[in-house]
Amino acid sequence: MMSDFQVMRRLFTLIKPWWGWMLLGVVLSLLTILANIGLMALSGWFIASMAIAGITGAAINYFTPAALIRAFAIIRTSSRYAERLVTHEATFRLIASLRSWFYDHLEPLAPAVIQNYRSGDLLSRIRADIDTLDNFYLRIIAPVTVAFISSIIIVIFLWQYSQTLALIELFFLVAAGVLLPLLINRWGYSASSRQSKITSELRSAVMDSTQGMSELLINDAAKRHSDSVEKLSEGLLKDQKSLATLNGGSQAMSGLLANLCVLLMLIIAIPMVNSEAIGPASLPMLALFTMASFEAIMPLSLAFQTLPTTLAAARRLFDIVDSKPAVIEPEIPHPLPDSADLVFHSMSLRYPSQETDTLQNINVNIPTGTHIAIVGPSGSGKSSLINALMKFWPVSSGEISYGGVPIEHLDGEELRSQFAVASQHSTLFNSTIKRNLLLANRKATDSELESVCKVAQIHDFIMELPEGYDTWIGEAGHKLSGGQMRRISIARTLLKSAPILILDEPGEGLDSITEKNMLHSIIEHNKQRTLILITHHLSGLDAMDQIVRIEKGNIVSNQDKK
């Protein structure tokens with residue numbers, strides 16, 4: 001497990017491209033703090049000086065301090081506004097880059113490594129954990145940097161009046177800006193660290209209850225699952241309440257330390273006024289200066305409190321990013337061959353969690369343009385054959401070649417671009433039918449959409465809908481039946497221009513007549529493409545050139561009808 005220092009070092013590396021924006025935000029924040037301190041201190045001195053001049057009748061130049069007060073006020077307001085713009089712009093740019101960075105590392109892990117994580121957990125890492133990292137700049141780096149620089153300037157300024165006053169200020173600044181935040185960090189470390197994990201578990205549980213409500217109700221498990229969600233919610237609320245109490249207490253303690261500092265400095269400074277070591281007008285100036293100076297260190301308690309949450313979120317992201325993909329891509333990939341011939345030569349595949357091979361000694365030759373059916377009962381290894389072909393899992397022995405080139409020498413993305421795959425678990429998004437179809441080919445015309453939907457036997461149904469292809473289908477297509485979802489997924493696959501078409505159980509959820517008509521139409525409209533049909537049905541295979549039967553990971557028959 002990475003230490004906090006290692007996590008912070010990696011975070012600094014990630015945010016390095018945006019240092020310009022972040023540095024500008026720190027400068028503007030520092031300028032705001034110093035302008036506010038200057039405004040308060042000068043106002044105290046000016047009011048006291050005017051009062052003394054009125055009593056004594058002495059002449060005073062009030063134009064210069066009045067102009068400086070206005071200048072400080074304008075600088076404070078404008079720099080605060082600019083600081084908000086710059087820091088938020090820096091944060092949004094950082095979050096956007098982090099999401100791209102995380103996805104770039106996540107994609108090579110699919111599906112072999114990703115399947116070990118629940119979808120709600122992945123969603124939490126992609127959204128909540130990355131959003132939490134904005135604390136690293138806004139609530140940690142910027143406040144700590146501003147507090148450190150401004151504290152040095154404050155102490156140097158007071159040193160010009162009195163070394164004693166400067167040391168008093170330094171002591172209380174350290175107490176309120178270092179010691180108190182460290183205590184808050186220690187007391188709230190456990191609760192703060194747990195927040196990311198509990199939030200992820202809660203999101204996963206809620207997603208499970210939403211997506212699997214029918215299964216929960218059928219198995220009479222809804223109450224048990226609801227109790228689990230409620231327990232997680234109570235744990236999260238308990239931690240949030242604890243952290244809120246600590247935050248309130250730290251703010252109160254910071255205010256108390258600030259007032260004690262002002263009181264002690266007044267006790268020291270009043271005799272200095274009597275001895276004429278400093279002027280009478282300097283007394284209120286020093287009091288207001290001291291009070292305003294604590295604005296610089298007030299955010300530090302919250303910074304140290306959010307640090308464990310931020311580091312925990314970063315650690316969860318790094319845990320996935322540091323995972324090794326199941327298939328290692330070649331450093332210098334072989335160019336994609338022109339031929340689309342596929343050959344399985346003595347290929348075996350074993351998943352890490354299993355002791356025996358899922359596929360054993362597979363030998364299949366699929367020339368370009370061949371229509372082949374791979375049949376067998378559920379669990380026989382048919383889908384595993386596709387996982388190996390798509391480079392989702394590495395083969396244990398033997399090899400698979402594409403166009404005469406072993407696929408381990410080809411780039412995975414380029415190889416997968418040659419396949420149009422309708423898997424058993426295709427995903428539909430909460431959008432229109434048209435937009436879901438266009439995911440396969442954004443440049444497809446309306447006539448092309450209608451054509452593939454007619455092949456998939458779904459066009460007539462779509463046209464019966466009030467909004468046709470512009471009908472919204474809901475989250476995961478829940479407004480559609482299983483068969484309708486299946487056919488839309490197949491239509492989307494047909495829309496992709498790729499030399500090899502793979503259909504994994506295309507007739508699932510369809511009646512036999514619809515399945516037969518759809519398969520016949522697909523074969524008729526894809527005569528030039530290689531077609532790999534994976535099914536456990538034997539009907540409708542008369543038009544196939546080759547039929548391979550698999551049982552328990554072994555080929556038991558290979559019928560070549562050419």
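Predicted model: local features only at pLDDT ≥ 70, side-chain atom pairs only at ≥ 80, totals over all residues.
A strand, like a helix, is a DSSP run, and these elements are numbered from the N terminus.

**Transmembrane annotation**

- An unreviewed UniProt entry carries the annotation "transmembrane region" for residues 21–46, 52–75, 136–159, 165–184, 256–273 and 285–307.
- One of these spans, residues 21–46, is 100% helix and 0% strand in the model. The C-alpha atoms at its ends lie 37 Å apart.
- Another of the annotated spans is residues 256–273. The chain there is 100% helix and 0% strand, with 25 Å between the end C-alpha atoms.

**The second largest pocket**

- The second largest pocket holds about 440 Å³ of space. It is lined by 18 residues, and those closest to its centre are Glu83, Arg84, Leu138, Pro143 and Pro299.
- Four helices each supply at least two residues of this lining: helix H2 (19–56), helix H3 (63–106), helix H5 (134–159) and helix H10 (300–321).
- By residue type, the lining of the second largest pocket divides into nine nonpolar, four polar and five charged residues.

- Leu133 is in the loop between helix H4 (119–132) and H5. Leu133 counts as buried because its relative accessibility is 3%, and the cut-off for buried is under 20%.
- Leaving aside neighbours within four places in sequence, Leu133 is in contact with Leu11, Leu98, Thr310, Ala313, Ala314 and Leu317.
- Leu133 and Ser43 are 90 residues apart along the chain, and their C-alpha atoms are separated by 39 Å.
- Ser250 belongs to helix H8 (residues 222–274). Its relative accessible area is 0%, so Ser250 is buried.
- Not counting residues up to four places away in sequence, Ser250 touches Leu180, Ile184 and Ser301.

- Not counting residues up to four places away in sequence, Leu342 touches Val364, Asn365, Ile366, Leu389, Ser401, Tyr402, Phe419, Ile500 and Ile532.
- Gly474 lies in the loop between helix H15 (459–464) and helix H16 (482–495). With 4% relative accessibility, Gly474 counts as buried.
- The contacts of Gly474, not counting residues up to four places away in sequence, are Phe429, Asn430 and Lys479.
- Gly474 and Ile366 are 108 residues apart along the chain, with 39 Å between their C-alpha atoms.
- Ile490 is found in helix H16. Ile490 is buried, with a relative accessible area of 0%.
- Leaving aside neighbours within four places in sequence, Ile490 is in contact with Ala422, Ala456, Leu503, Pro506, Met518 and Ile522.
- Ile490 and Thr356 are 134 residues apart along the chain, and 33 Å separates their C-alpha atoms.

**Exposed residues with positive phi**

- Glu276 is in the loop between H8 and helix H9 (282–293). Phi of Glu276 is near 60°, a positive value in a residue other than glycine.
- Is Glu276 buried or exposed? Its relative accessibility is 70%, so Glu276 counts as exposed.
- Lys552 is in the loop between strand E9 (546–551) and strand E10 (554–560). Although Lys552 is not a glycine, its phi is positive, at about 55°.
- Lys552 counts as exposed because its relative accessibility is 73%, and the cut-off for exposed is over 50%.

Definitions and conventions
Residues numbered from 1 in each chain as written. Heavy atoms only, no water. Buried < 20%, exposed > 50% of the residue type's maximum accessible area, 1.4 Å probe, protein only. Contact = heavy atoms within 4.5 Å. 1 Å grid on protein atoms, 1.4 Å probe; cavity = no way out; pocket = protein on both sides within 12 Å on 5 of 7 lines; lining within 4 Å. Points joined across faces, edges and corners; volume = space filled by probe spheres on them. Nonpolar A, V, L, I, M, F, W, Y, C, P; charged D, E, K, R; others polar. UniProt positions renumbered as here; feature names shortened; annotations may be inferred.
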